[in-house]
Amino acid sequence: MDALDRASRFCKGLLLSFLQGMEKSVSVQRVIVGIAIAAFFAAALYLRIAFSYDVVFGGEWVKFTGVDAYWHVRIVDNLAHNFPHLSNIDPYLRYPGGGVTSYQFPFFDYLLAGVIWIIGLGSPTQHTVDTIAPYFPPVMAALTIVPVYFIGKTLFSRWAGVFAAGLVAILPGEFLGRSILGFTDHHVAETLFSTTAVMFLVLAVKNAKKEQISWSQLRHLRSSGLTKPVVYGVCAGVFLGIYLASWMGALLFVLIISGFLLVQFFVEHLRKTPTDYLCLVGVATFLSTLVVFLVFSQHRNTAVVLSMAVVLSVALFAISRLMVIMRLKPVYYPVTILGVGLAALFILRAAWPSLMNPMLDNFEIFVWDKEATVSEMVPFLYQRTSAGVVEFSLGPFWQVYGFSMLFSIVALCILGYRMVMRWEAERVFFVIWAVVILLAALGQRRFNYYLVVNVALLTGYLCWEILRFAGLRVLAEESGVYPRDRKKLPRSKRKRDPQREPYRLRPSHAFVTLAAIAVFALFTIVPYASLDLEGTGTPRPASVIDLAAETADLDPDQPRYAPPDAWMEALRWLSENTTEPFGDTDFYYSRYETPIDYSAYPEAYGVTAWWDYGYWVARIGRRPPSQNPAGAIPSVAEFFLAQDESEGQRILDEHGARYVILDFDFVVGKFHGAVSVTGKSRQDYYDQFVVETSDGGLELTTLYLPAYYQSMSVRLFNFGGKAVTPGPDDCMVISWTWWESEGVYYKRVTETQTFDLYEAALAWIASQSSGNYNVVSYSPFISPVPLEDLEGFALRYDSETTKSVSKTETIPQVRVFEYVK
């Protein structure tokens, strides 16, 4: 009890000192906030750098931790040496034809290359690029804390902003995962730029509404309150412009802002209040956005949409003013706007489909496609079970956000209610922003790196409300920090009354202290999920801090999205031991003309690998891949599934490929991607069957079919392109029947038998009058069918790193073959 009493008195004293410190000066509060923001900034950097540092910089080479990061740094390699010239087509990104660079949305690459170019004094080396580029995502993520704080402060309170800033620094999930050291992609820049644009827009709307600015004030800029809202609107437009110039999908925020303007115009007109301020803010924002965007990009559709947004702001105001002059009923305004808008939409879609169809395609992010093959495009609330079935689950929300998501939902409901009751324009915008981003995140999990900002702000808001409810506001008023009539007094008179009775601790102080400690612990150290973080097979309770560290901590042996050592070794071998495709190693840094004249490079060739690895081949191996992560090419994917050598050679000839790189992960995991891209059926190559275990139980296992072993990728990687003769027990035939469990039908094996010859197995199956039969093998590396030697391919490299294929056998993780025809 003594220890508890001492702890209670310490907490009370700490709270009292805090309140009395705030009482002394507003500047003290600012210092405290500044220290807190600086601490969050440092924590965000530490979390994103320390845990992944060894993976990025700990080996013989610098590794980037994102697939598309290699696309960006390849572009930056060339751009930094030719700054500010950015080629439209890069011959190293794909062969033949070259790959598209970021020239249409180049700001992120220009920003990174510009920083590198300045630090490199105009002549940056490869070492300079490799040293600076990995740090870009952590720094941008840490900077995001600043606009989050100011949004929270502007909308709710200073301390709500502080709490939100701290939370956004540590929350696990997409934002943290995409901002770790080496994940040099534009995603974290999207969050920073869009959040900063929102910050300035909130300030613009709040100040414009407060000052009730109008067009007539343009004649008296110095004496009116017009300057601050317009400046904020222009700043919002600047950041919205560079955001749009960084990512092709950024029109989402133009939709959000336009939707807010539409709703707010309706409400203001129905209330018979002036709408000048909305028009001025809309024009200042969208016009400056258009100007900034055109500085960096000439993308026609985006420029047209921004022009339409400027016109929308003016049209909404003009129609409102006209209807007021004509004294028409306010209810006619939304009806007129909706009618004119729908008519214009149908007319534009019919007359200008090349503009409207891509715009409407942006709405596909709200459609839940649970069969999406790209993991980041899968709906957030769907998970794939061990049986391969995609099922709805609330687990992802709870595992990523924990108590924050519960608080956010409650906070959003409270804000929605208060919005209806009081209708504050800036909070209306915040609610619309949060709802749209939530829907986008539910549609595609990638948008959770936006949602983390909304979750942090909503949680910060509700936490502040809880502390107010517990008595913090009352305590602040009693201590003289926030007297009830303080805002009614001139600033010079806002001082504590010296005659007021001395400050004394009361029982309510303990409630506030306990509430503050409980709220802090709830979002940092209280476990809310049971996960196997150590990989021991035994789940343990995990808190936000645990999950954040787990997200940022990369396994050096199997880092997420970073190339394993085996790939680094293989691609270094490729760059040092194969013919330079363009004749000169310095061509990697040259300025490229569009289109590329391949007749000047008769020795040019491509390297065929699965599309996930294309950017690794281009940047690390400095050889052009046949396909890259911009999209799998079905005709190239056909090579991996080709059932005879002549078909495989024909495909390589069509694409000018001289080398083929295959790895363990493809043949045992990503093989299904080639099946999906080519429109074939997985059941033709392998399938899942329910089999009986040795102890009489049942388990679901994968069995491989003849077409799998006869495919070019398996013949090359699994068997080195050599002839294979099945052993006496390798050719197995199963009989199976359909079996139902919990509403799901499975193929259940009822009988197995082995044959010495594959032909004998086929003859036996042909002799059966009924039933389901297949020739199968349990292992991808034991073929039940005879295979011929691949004479047109020569094994040139095996990685030193190996993978186990059985208890006694291993296979190189990466293998490189030359197509020798």
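A residue counts as buried under 20% relative accessible area, exposed over 50%, and partly exposed in between, using a 1.4 Å probe and protein chains only. What you have here is a predicted model, where local features need pLDDT of at least 70 and side-chain atom pairs count only at pLDDT 80 or more, while totals for chains, interfaces and linings use all residues. Residues are numbered from 1 along each chain as its sequence is written, and side-chain values use heavy atoms, with hydrogens and water left out.

Rings of Phe, Tyr and Trp (for Trp, the six-membered ring) pair if their centres lie within 6.5 Å; planes under 30 degrees apart are stacked, over 60 edge-to-face, and the rest tilted. That rule gives 61 aromatic pairs here. Tyr 149 and Phe 150 make an edge-to-face one, with 4.9 Å from centre to centre and 65° between the planes. Tyr 149 is buried, at a relative accessible area of 6%, but Phe 150 is partly exposed, at 33%.

Now hop to Tyr 686 and Tyr 704. Their ring centres are 6.1 Å apart and their planes sit at 45°, so this pair is tilted. Tyr 686 belongs to strand 9 (residues 686-692) and Tyr 704 to strand 10 (residues 698-704), so the pair ties together parts 18 residues apart in sequence. Strands (E, at least two residues) and helices (H or I, at least four) are DSSP runs numbered from the N terminus. Tyr 686 is buried at 13%, and Tyr 704 is buried too, at 11%.

Next, the core. In soluble globular proteins, nonpolar side chains tend to be buried together. A nonpolar core is a set of buried Ala, Val, Leu, Ile, Met, Phe, Trp, Tyr and Cys residues joined through side-chain atoms within 4.5 Å. The largest one has 211 residues, and Trp 433 and Ile 661 touch the most other members. Helix 11 (residues 187-211) supplies the largest share of this core, 14 residues.

So how does helix 11 meet helix 20 (residues 425-443)? Their axes come within 8 Å and cross at roughly 150°. Axes are lines fitted to C-alpha atoms over the stretch in contact, with angles from 0 to 180 degrees between N-to-C directions. Angles under 35 degrees count as roughly parallel, over 145 as roughly antiparallel, 65 to 115 as roughly perpendicular and the rest as oblique. Helix 11 and helix 20 are therefore roughly antiparallel. Among the residues in contact (heavy atoms within 4.5 Å), Val 198 and Leu 201 are in helix 11, and Phe 429 and Trp 433 are in helix 20.
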